[in-house]
Amino acid sequence: MKATDFDLSKDMNFDIDQGITSFKDSRLVIFDANSIGLLRQMLIETEGVEKARDLFLKFGYQNGYSDFLQMKTNYEFDSEMDLLASGPVIHTWEGIVHAQPKEVKVDPVTREFFFTGVWSNSYEAEQHLSFYDHSEDPVCWTLMGYASGWCTAFWGSPLIAIEPVCVGKGDDHCEWKIQPPEKWGSEADVYIKAYEKFWRK
Ligand SMILES: [Zn+2]
């Protein structure tokens with residue numbers, strides 16, 4: 001199948017008798033975005049922005065990594081590139097953001113990995129701005145974590161997604177860029193610190 005053939009609505013299961021909603025063998029729980037935004041705000045207020053960011057980056061990373069394993073295990077994609085591209089597709093189906101790939105330069109032989117795209121309607125930027133003014137740094141922590149986790153699971157070695165452009169900074173959309181840690185400068189330090197424990201596994 002092509003990445004764009006994926007349809008989450010066909011593969012979700014609602015077991016009303018048991019109170020269990022699932023996608024393949026993952027149990028899903030549905031929370032409204034405002035409640036997650038409130039949790040995010042409470043963590044920022046109680047733990048500080050750096051700790052809150054670290055936790056949400058890790059949360060997103062684990063979510064992206066798990067989703068990748070579900071997709072790889074349960075679907076036959078036409079190519080490895082379709083498997084990679086199904087990440088933005090499922091991210092969009094989950095209602096987290098509308099993710100549109102832009103530039104993909106991935107070569108397993110030379111080990112080049114460079115992947116960019118546009119995020120629109122990020123729930124996290126919306127939630128951030130419902131509590132705070134524009135930030136100096138990108139605010140879509142779970143999205144960056146998700147993209148990092150997804151791509152690292154695909155690639156088999158660490159990759160980091162950072163938003164050079166983010167609605168939370170006052171831009172009219174968000175953009176992601178994913179590449180290995182060594183290709184980034186010091187702006188990647190907080191992300192490396194957040195994901196290191198996953199890379200050591
Ligand atoms: Zn953003």
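In which hand, left or right, does helix 3 cross helix 6? That was my way into this predicted model, and I found that helix 3 passes helix 6 in a right-handed crossing.

**Entry 1: helix 3 and helix 6.** I looked up helix 6, which covers residues 141-155. Its axis and that of helix 3 come within 6 Å and cross at roughly 40°.

**Entry 2: helix 3 and helix 7.** Next I followed helix 3 (residues 49-74) to helix 7 (residues 189-199). I read an angle of about 50° here, with the axes 9 Å apart. Helix 3 and helix 7 are therefore oblique to each other, and their crossing is right-handed. From helix 3, I listed Arg53, Asp54, Leu57, Lys58 and Tyr61 in the contact. Helix 7 brings Val190, Tyr191, Ala194, Tyr195 and Phe198. I sorted these contact residues into 7 nonpolar, no polar and 3 charged.

**Entry 3: the core.** I then turned to the largest nonpolar core, which has 41 residues. Cys140, Met144 and Ala147 touch the most other members. Elements giving two or more residues to this core include helix 3, helix 7 and strand 5 (112-120). Helix 6 gives the largest share, 9 residues.

**Entry 4: one residue up close.** Which residues does Ala147 touch, leaving aside those up to four places away in sequence? I found Gly64, Ala161, Trp176 and Ile178.

Terms used:
Residues numbered from 1 in each chain as written. Predicted model: local features only at pLDDT ≥ 70, side-chain atom pairs only at ≥ 80, totals over all residues. Axes fitted to C-alpha atoms, helices over the stretch in contact; angles between N-to-C directions. Helix = DSSP H or I, 4+ residues; strand = E, 2+ residues; numbered from the N terminus. Parallel < 35°, antiparallel > 145°, perpendicular 65-115°, else oblique. Left-handed = near helix turned anticlockwise from the far one by under 90°. Contact = placed C-beta atoms within 7 Å. Nonpolar A, V, L, I, M, F, W, Y, C, P; charged D, E, K, R; others polar. Core = buried A, V, L, I, M, F, W, Y, C linked by C-beta atoms within 7 Å. Buried ≥ 20, exposed ≤ 12 C-beta atoms within 10 Å, placed from the backbone.
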